[in-house]
Amino acid sequence: MKGDLFSSQHMAQASVEPGLTVENAKCLKYTVNGEMLARQGAMVAYRGNLKFERKGQGVGGMLKRAVTGEGLPLMAVRGQGEAWFAHEAQNCFVVEVEAGDEFTVNGRNVLCFDASLSYEIKTVKGSGIAGGGLFNSVFTGQGSLGLVCEGNPLVIPVSPQQPVYVDTDAVVGWTARLQTSLHRSQSIGSMLRGGSGEAVQLMLQGEGFVVVRPSEVTPQKAQQH
């Protein structure tokens, strides 16, 4: 069989060691030797001796998801083999979480991660009820975290001298030691006149990085996630 389809550009690469790797811009590969966790329904192919089981969130996690709408519908992947993960042809990238650090990320952007990582659904500090319920998943521990993003993510440095304001529908996540609060960039008069559509942003202050995507969630897509 010949043709561009069978070129090295599209061919699955041989695994070098267990763990998470970027197969291509739209797909991650996890070489499993034990256990890992992934978003339910995200597996697109696998080979080897693997089992996929729905992972419960516990009573606390179920209640939080029911109240907030934020959660991670996960499955555990166990055994030895290789599995490929993707979601709606979104771009994929990997974050290495180090010991003692944490990464706050929107649940809709999580694809798969090492079992050595733990997560907890938390309220975004300073968002209040006015934020419409801003809840994200905070990852801690040490390991690899695979994420998806509609388009190429933009990583913006945050410093004490230069806080960053992000659209709450566009933010993917941010690093530890950043303080969050809601910022209103539109006057009451402007809102009464119909507004600009950019009334409230999430302000991040401190030292670190914030990741945003080059799109906002539409009501239809928000329901899908």
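How many bridges pair strand 6 with strand 9, and in which sense do the two run? Select residues 135-141, which make up strand 9, together with strand 6: the two pair in the antiparallel sense over four bridges. Colour Val-105 while you're there, and you'll find its bridge partner in strand 9, Ser-137.

**Before you click further**

This is a predicted model, in which local features need a pLDDT of at least 70, side-chain atom pairs count only at pLDDT 80 or more, and totals for chains, interfaces and linings use all residues. Residues are numbered from 1 along each chain as its sequence is written, and side-chain values use heavy atoms, leaving out hydrogens and water.

Now colour by pLDDT, the predictor's confidence in each residue, from 0 to 100. The chain averages 82, and 77% of the residues score at least 70. Pick out residues 59-70, where the pLDDT is below 50; beyond near neighbours in sequence, this stretch has 17 contacts in the model (a contact means heavy atoms within 4.5 Å). Residues 187-197 are also below 50, with seven contacts beyond near neighbours in sequence. Where pLDDT is low, the predicted coordinates should not be read in detail.

**The whole chain**

Switch to cartoon view and you have three helices and 16 strands. These are DSSP runs numbered from the N terminus: helices are H or I with at least four residues, strands are E with at least two. Of the 225 residues, 41% count as buried, meaning under 20% relative accessible area, while exposed is over 50% and partly exposed is in between (1.4 Å probe, protein chains only). Among contacts with a separation of 6 or more, 77% come from residues 24 or more positions apart.

Two strands pair if DSSP finds at least two bridges between them.

Strand 12 meets strand 15 (residues 200-206) over three antiparallel bridges, and Val-164 has Leu-204 as its bridge partner.

**Into the core**

Show side chains for Phe-103, Val-110, Phe-113, Phe-139, Leu-145 and Leu-147: these have the most contacts inside the largest nonpolar core, which has 18 residues. Such a core is a set of buried Ala, Val, Leu, Ile, Met, Phe, Trp, Tyr and Cys residues joined through side-chain atoms within 4.5 Å. Zoom in on Leu-147; leaving out residues up to four places away in sequence, it touches several residues, including Leu-28, Phe-93, Phe-103 and Val-110. A second, separate core of 16 residues includes Ala-38, Met-75, Cys-92 and Leu-111.

Which strand holds Asn-91? Strand 5 does, and the residue counts as buried because its relative accessibility is 11%. Its side chain makes a polar contact of 2.5 Å with that of Lys-26 (a pair of N or O atoms within 3.5 Å; within protein, one must be able to donate a hydrogen and the other to accept it, and residues adjacent in sequence count only if both atoms are side-chain atoms). The Asn-91 side chain also reaches the backbone oxygen of Gly-151 at 3.2 Å. Those two residues are 60 apart along the chain, with C-alpha atoms separated by 6.0 Å.

Now move to Glu-23 in strand 1 (residues 19-24), buried at 17% relative accessible area. A polar contact of 2.8 Å joins its side chain to that of Trp-84, and a polar atom of the Glu-23 side chain lies 3.2 Å from the backbone nitrogen of Gln-13.

**Last stop: two loops**

Glu-88 sits in the loop between strand 4 and strand 5, with a positive phi near 55 degrees; at 49%, Glu-88 is partly exposed. Arg-177, in the loop between strand 13 (171-175) and strand 14, has a positive phi of about 65 degrees although it is not a glycine. Is Arg-177 buried or exposed? Exposed, with a relative accessible area of 61%.
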